[in-house]
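I set out to record the overall form of this chain and then the setting of a single residue. The entries below follow the order in which I looked things up.

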Amino acid sequence: MSKMSREEQSATNPDELAKQVERTREELGRTVAALVGKTDVKARARAKAAEVREQAGLKAEEVRTKAAEAAHRVQEKVPATVKDKASEAAGQARVKAGQAGHLLEQRTPEPVRRKAAEGAVAVRGNRTVVLSAAAGAAVVWWAYRRRKS
């Protein structure tokens, strides 16, 4: 709180005194609010975290933009013949994968397909158990390999 001037200290009538008291209360309220703000560690930590989050988001956006620009520059430098061949190879790979899937489906006996589908449903329903068993098998295999070495 600041020191009051001589005129403010000597209020001559009740109205002036009431105004002086109101000004003092407002000033005291601002001072208390400032002190509370400085001592509220949680609020300050949240504000700092929000600031850091915002900065990280801006930096991530900047990195994404630079990466996209670099990818675009690299793509521009690749000759059209290479792009065409890559596109053609990807198309051929998709066709061959589709053919292999159809061939596998045609040659697999119905009881085997039915059992495979049932097994897939069982695995999806018990993922935790299956993953735990796989992890256990991996640990046993790893221990066995270490012992042999």
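Entry 1, model and elements. I note that the model is predicted. I counted the secondary-structure elements and found six helices and zero strands in the protein chain. Read from the N terminus, their order is α-α-α-α-α-α.

I looked up the radius of gyration, which is 37 Å, whereas the globule rule gives 15 Å for 149 residues. The value is well over that of the rule, so I recorded the protein chain as more spread out than a compact globule. I also took the box filled by the C-alpha atoms, and along the principal axes it is roughly 110 × 50 × 40 Å.

The accessible surface of the protein chain comes to about 13500 Å², and carbon and sulfur atoms account for 61% of it. I then checked burial and found that 1% of the 149 residues count as buried.

I located 31 positive and 19 negative charges in the protein chain, and their mean positions lie 16 Å apart.

I placed Thr108 in the loop that runs between α4 (80-107) and α5 (110-125).

Notes: Residues are numbered from 1 along each chain as its sequence is written. This is a predicted model: local features need pLDDT of at least 70, side-chain atom pairs count only at pLDDT 80 or more; totals for chains, interfaces and linings use all residues. Side-chain values use heavy atoms; hydrogens and water are left out. Helices (H or I, at least four residues) and strands (E, at least two) are DSSP runs, numbered from the N terminus. The radius of gyration is taken over C-alpha atoms; the globule rule is 2.2 Å times the number of residues to the power 0.38. Buried means under 20% relative accessible area, exposed over 50%, partly exposed in between (1.4 Å probe, protein chains only). Accessible areas come from the Shrake-Rupley method with a 1.4 Å probe; for residues, only the protein chains shown count as cover. Lys and Arg count as positive and Asp and Glu as negative; His and the chain ends are not counted. The place of a charge is taken as NZ of Lys, CZ of Arg, CG of Asp or CD of Glu.
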